[in-house]
Amino acid sequence: MLGPGGFDADADIAAITVNRWGHGYSYTESSLFDTPGSGTDASEIARARVGRIAIANSDAAWDPYAHAAISEAHRAVGELLERVPAHAQSQ
């Protein structure tokens with residue numbers, strides 16, 4: 001499915017880690033302990049692309065909930081599609 005976009009599993013995957021959600025609860029800012037915007041730098045680093053890999057998870061949103069991870073997945077796929085030639089997207 002991803003081959004037309006240039007994805008090659010043998011060349012592009014170094015490792016896969018699968019965790020249950022409860023074992024990797026991400027952080028979010030708390031008005032009791034954090035200054036507003038203190039997570040901005042961390043979230044920008046967490047969602048930075050690495051070559052042809054777009055990062056999508058709740059850490060990238062700096063928000064521990066599933067809806068945030070889903071939104072990040074939508075963003076990451078959009079980033080990848082911006083770099084795929086139009087003819088490859090329709091295949």
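Buried here means under 20% relative accessible area, exposed means over 50%, and partly exposed lies in between (1.4 Å probe, protein chains only). Helices are DSSP runs (H or I, at least four residues), numbered from the N terminus.

The model is predicted: local features need pLDDT of at least 70, side-chain atom pairs count only at pLDDT 80 or more, and totals for chains, interfaces and linings use all residues. Residues are numbered from 1 along each chain as its sequence is written, and side-chain values use heavy atoms, with hydrogens and water left out.

**Helix α4**

The buried residues of α4 are Ala68, Ala69, Glu72 and Ala76. These residues lie on the same side of α4, because they cover an arc of only 95° around the axis; the arc is that of the directions from the helix axis to the C-beta atoms. On the other side of α4, His67, Ile70, His74 and Glu82 are exposed. The cover over the buried residues of α4 includes α3.

The helix α4 has 17 residues and reaches 25 Å from its first C-alpha to its last, close to the 24 Å expected at 1.5 Å a residue. The expected span is 1.5 Å times one less than the number of residues in the helix.

Glutamate 72 is a buried residue, with a relative accessible area of 9%. Leaving aside residues up to four places away in sequence, glutamate 72 touches Arg47, Ala56, Asn57, Ala60 and Ala61, where contact means heavy atoms within 4.5 Å.

**Salt bridges**

A salt bridge is a side-chain nitrogen of Lys or Arg within 4 Å of a carboxyl oxygen of Asp or Glu. By this rule the count comes to 3 salt bridges.

| Aspartate 12 | Arginine 52 | 2.7 Å |

Aspartate 12 counts as partly exposed because its relative accessibility is 21%, whereas arginine 52, at 51%, counts as exposed.

Glu72, Arg75 and Glu79 are linked in a network of salt bridges. Glutamate 72 and arginine 75 are separated by about one helical turn, because they are 3 residues apart in helix α4 (residues 66-82). Arginine 75 and glutamate 79 are 4 residues apart in helix α4, again about one turn.

**Tryptophan 62**

Tryptophan 62 sits in the loop between α3 and α4 and is partly exposed, with a relative accessible area of 25%. Its C-alpha atom is separated by 5.3 Å from that of threonine 28, although the two residues are 34 residues apart along the chain. Tryptophan 62 is not a glycine, yet has a positive phi of about 55°. Most residues other than glycine have a negative phi.

**Nonpolar surface**

Met1, Leu2, Phe7, Ile13, Ile16 and Val18 make a nonpolar surface patch of about 710 Å². Such a patch consists of residues with over 30% relative accessible area and no salt bridge, with nonpolar side chains (Val, Leu, Ile, Met, Phe, Trp, Tyr) joined within 5 Å. Accessible areas come from the Shrake-Rupley method with a 1.4 Å probe. One of the patch residues, isoleucine 13, is found in the loop between α1 and α2. Isoleucine 13 is partly exposed, with a relative accessible area of 37%.

Definitions and conventions. Helix = DSSP H or I, 4+ residues; strand = E, 2+ residues; numbered from the N terminus. Patch = residues over 30% accessible without salt bridge, like charges linked within 9 Å, V, L, I, M, F, W, Y side chains within 5 Å.
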